[in-house]
Every structure is written in structure tokens, then in C-alpha cells.
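Here is a short briefing on one protein chain. Keep the sequence and the 3D view open as you read.

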Amino acid sequence: MASPEAIRFAEVISRTTSWSLSFYPQPLLNLRRRSTSGCTPAFPFINVFGFISYLISTTAFYTSPTIRGQYAIRNPAAPTPTVRLNDLVFALHAVLLSTLAWSQFSHRIWGFTQGPQSVGTVMWGIATGCVLAIVLMTVFVASRPYFGYDPAGWAWIDVVYGIGYIKLLITVVKYVPQVHTNYTHQSTVGWSILPIHLDLVGGVLSVLQLIIDSQLQGDWSGLTGNPVKFGLGNVSVVFNVVFMLQHYVFYRKARLTEKEPSGDGAVDDERRRLLDRRQTNEP
């Protein structure tokens, strides 16, 4: 029988691979169609912001002696944060691919046929509010006794937790615009379901990794000590189920009958000119 360490290693590789691969299908579909119609720019925009937050919090828990020391004092039964190198690599990869996906909504850069262009005041408001909240928290912690280095009170680890919670908040809200877009169009044409399959696998395995890590450490505070990672996995699973219902159940007929736009404006224009010329020449 495989050891718990071997099981955890296999789970880590599978989860990281699944989540990492989930960033590719939509940009590749947009590239093939040369169009972003059917997608909303709010998703990649807020995704970039969220994964930058996740990268900062993950880097702090993995590399900062101050944060790791404060974590150990607050969690003496399991003093090592349940953050691994694969989490750091995944976060960096996610920032880069999310930025690429967002850039595809720029006609100047890619020349694609464009879908919706506005990110929306709600998403801008959420991003601005999160930044202001972290700034205020940083000022508050810096003004406390011992300049935030006393883990018994408000400390720098709380700022890092706050940055991590931004990613959790964004994960809750980032799917909503695409769910609404699919509902408004009563269709999922132009939107790739493959990332949802991969994201679902990654979400399930992410929660499983935390459970295995906590079991190996003999203490279940690893779940409460890393609420962001635990929450991300569960929220992703819920929204992935919603997307699958939209794609395979609610709007299945529209997906099977609606023809996707080619996205190639030049070809479409040339086709129309040829048809007009043929009709003109007909007796």
C-alpha cells in the first residue's frame, strides 16, 4: 500500500497540473476564433488581481522568516505552514497566464473581434476596495506596539492573511460575470468548458492535499491555519458545478445549434462582397 507521503506527492502533482492546464483552453480558443465574443473581460481582469494577491501571500508564508515564525507561535501543534513550492510556482504561472488572457481583449494588441469591453464598475470597485483595506490594515499593524512583531496581537501575519483573503473574495465573485453572461445569452458558445473540468479536479485535489497534510502532521489546525487554500478549493467546486449545468443541461441546445462566429472580419467581408457581386451579375 502506498505511503501517505507518496499519496500526497501524487496529489500535489495532479492538482498543480490540473489547475495550471486550466488557464490554456480559453486563450487558445480565442486565438483559434480570433474573437473574444462569448467571454467577459471582468473574469481575467479580476483573476489577475486575485492571483497577484495569492502570489504575495504564498511567497510570504513560504519564504518570510517573520511570517513563518508568527505562524509557528500561533499554531504550536503544527508549526509549519501548509504552503509548498508547487503553490508558489502555480501562483506565478497563474499571474502570467491570467494577464495573457486579459490582454486578448485589447484589439490593439491582438486584433481580435471583440466581445464586451467593459470590466464594470463593480469589479473596479472590488479591486479598489481591497487595495484600500490592505493599506489601512498595514498602517494599523505598523502603529501597534512592537511594530507588528508580536504575534499575540495584531501582527504582520494578519496582513498576509488579509491579502490571502482577497484571493478568496475574488474567487467568490470572479465567476459571477461569466455565469451572468451565459445566462443573458442563454448560451455558452465562445466559452470553453475544458478549464472548468480541470479546475474542478484541481479544487477537489487542493482540499485533499490539506487533509493529507493535516493528517501527516497529526493536527487538523492545518485546515484552519490555511483557510484561503481550503476556501479556494471548495468555492471552485461549487461554481464549476454551476458552469457544467449551464453548459451541459440548461443551454445545451443552444450550444449544439448555434454557429460560432469565425472572428475573421476580413474573410467575412470578402465573402459578403462575393455574394453581392454574384447577385448583381445574375439576370
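Arg74 is partly exposed, because its relative accessible area is 31%, which falls between the 20% limit for buried and the 50% limit for exposed. Keep in mind that this is a predicted model.

**The salt bridge**
- Side chains of opposite charge can pair when their charged atoms come close.
- Arg74 forms a salt bridge with Asp158. The closest N and O atoms of the two are 2.9 Å apart.
- This pair links distant parts of the chain. Arg74 sits in helix α4, which covers residues 65-74.
- Is Asp158 buried or exposed? Asp158 counts as buried, because its relative accessibility is 15% and the cut-off for buried is under 20%.
- The count for the model comes to 1 salt bridge.

**The whole chain**
- The protein chain has 283 residues, and 48% of them count as buried.
- Its secondary structure comes to 13 helices and 0 strands.
- Read from the N terminus on, the elements run α-α-α-α-α-α-α-α-α-α-α-α-α.

- Helix α3 spans residues 42-63, and helix α8 spans residues 156-185.
- Their axes come within 8 Å and cross at roughly 155°.
- α3 is therefore roughly antiparallel to α8, since angles over 145 degrees count that way.
- The crossing of α3 past α8 is left-handed.

- His247 lies in helix α11. His247 counts as buried, because its relative accessibility is 6%.
- Which residue is 55 residues from His247 in sequence and 9.4 Å from it in space? That residue is Ser192, with the distance taken from C-alpha to C-alpha.
- Phe250 also lies in helix α11, which runs over residues 227-250.
- Phe250 counts as exposed, because its relative accessibility is 53% and the cut-off for exposed is over 50%.

**A nonpolar patch on the surface**
- Phe250 belongs to a nonpolar patch on the surface. Val241, Leu245, Tyr248 and Val249 form the patch with Phe250.
- Together, these residues have about 450 Å² of accessible area.

Terms used. Residues are numbered from 1 along each chain as its sequence is written. This is a predicted model: local features need pLDDT of at least 70, side-chain atom pairs count only at pLDDT 80 or more; totals for chains, interfaces and linings use all residues. Side-chain values use heavy atoms; hydrogens and water are left out. Patches are made of residues with over 30% relative accessible area and no salt bridge: like charges are joined within 9 Å, nonpolar side chains (Val, Leu, Ile, Met, Phe, Trp, Tyr) within 5 Å. Accessible areas come from the Shrake-Rupley method with a 1.4 Å probe; for residues, only the protein chains shown count as cover. A salt bridge is a side-chain nitrogen of Lys or Arg within 4 Å of a carboxyl oxygen of Asp or Glu. Helices (H or I, at least four residues) and strands (E, at least two) are DSSP runs, numbered from the N terminus. Buried means under 20% relative accessible area, exposed over 50%, partly exposed in between (1.4 Å probe, protein chains only). Axes are lines fitted to C-alpha atoms, for helices over the stretch in contact, and angles run from 0 to 180 degrees between N-to-C directions. Angles under 35 degrees count as roughly parallel, over 145 as roughly antiparallel, 65 to 115 as roughly perpendicular and the rest as oblique. A crossing is left-handed if the near helix is turned anticlockwise from the far one by less than a right angle, and right-handed if clockwise.
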